[in-house]
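Me: I would like to go through the aromatic side chains of this model. Could we take them one at a time?

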Amino acid sequence: MKNILILIVLLFSLNLSAIDEISLFNSDGDATAYIDTEDDDLTIYLWGGKPVAYLHKKSGEFHVYGFNGNHLGWFIDGIIRDHEGDAVGAKKDATDMYTNYEPYKGYKEYKPYKGYKEYAPYKPYLSSSWSSMNFKLFLLKGIDD
């Protein structure tokens with residue numbers, strides 16, 4: 001009985017921690033990244049734990065910036081859009097795509113310092129298409145390596 005109670009408490013606490021993160025999926029429905037909503041910076045981590053970008057709210061819109069200061073795109077209605085207006089990643093419920101099982105996440109690495117933010121381009125018309133850019137490669141454009 002004691003083991004069952006411990007298991008229930010553990011599962012409940014795991015569910016609460018998942019609420020603090022928004023999983024992001026690529027066009028194939030694979031969990032690729034997540035947004036840490038408890039972090040004031042709204043940091044975007046790759047599934048393995050590498051911080052690559054963050055959300056910056058300006059004029060009611062969320063811009064996606066890399067830690068290197070590059071403007072990557074926008075986070076609109078649960079979809080990350082590139083500079084052409086195409087989707088590169090999305091929340092599970094933001095599209096009608098099938099999503100695969102979410103594997104365990106890696107440990108979060110330390111966040112780098114933020115670079116000077118470059119000027120955001122004009123927001124393009126939003127398309128109903130997915131970008132040909134791989135979501136992970138898109139996010140990796142936000143770090144200097």
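Me: Which residue lies over the face of Tyr34?
Reply: In this predicted model, Lys105 lies over the face of Tyr34, at 4.9 Å from the ring centre.

Me: And which residue lies over the face of Tyr65?
Reply: That is Lys117, at 6.0 Å from the ring centre of Tyr65.

Me: Turning to ring pairs, how many aromatic pairs does a search of the whole structure find?
Reply: The search finds four aromatic pairs. One of them joins Tyr34 and Tyr45.

Me: Why is the pair of Tyr34 and Tyr45 called stacked?
Reply: The ring centres are 5.5 Å apart and the planes stand at 15 degrees, so the pair is stacked; the cut-off for stacking is under 30 degrees.

Me: Where do the two residues sit in the chain?
Reply: Tyr34 is in strand 2 (residues 31-36) and Tyr45 is in strand 3 (residues 43-46), 11 residues apart. The pair thus links distant parts of the chain.

Me: Is Tyr34 buried or exposed?
Reply: Tyr34 is buried, at 1% relative accessible area. Tyr45 also counts as buried, with a relative accessibility of 5%.

Me: What about Tyr34 and Trp47?
Reply: Their ring centres are 5.8 Å apart and their planes are at 90 degrees, so this pair is edge-to-face. Trp47 lies in the loop between strand 3 and strand 4 (51-58), so the pair ties strand 2 to a part 13 residues apart in sequence. Both Tyr34 and Trp47 are buried.

Me: Which residues do the ring pairs link into a cluster?
Reply: The cluster links Tyr34, Tyr45 and Trp47.

Definitions and conventions
Residues are numbered from 1 along each chain as its sequence is written. This is a predicted model: local features need pLDDT of at least 70, side-chain atom pairs count only at pLDDT 80 or more; totals for chains, interfaces and linings use all residues. Side-chain values use heavy atoms; hydrogens and water are left out. Rings of Phe, Tyr and Trp (its six-membered ring) pair if their centres lie within 6.5 Å; planes under 30 degrees apart count as stacked, over 60 as edge-to-face and the rest as tilted. Helices (H or I, at least four residues) and strands (E, at least two) are DSSP runs, numbered from the N terminus. Buried means under 20% relative accessible area, exposed over 50%, partly exposed in between (1.4 Å probe, protein chains only). A charge sits over a ring if NZ of Lys or CZ of Arg is within 6 Å of the ring centre and within 35 degrees of the ring normal.
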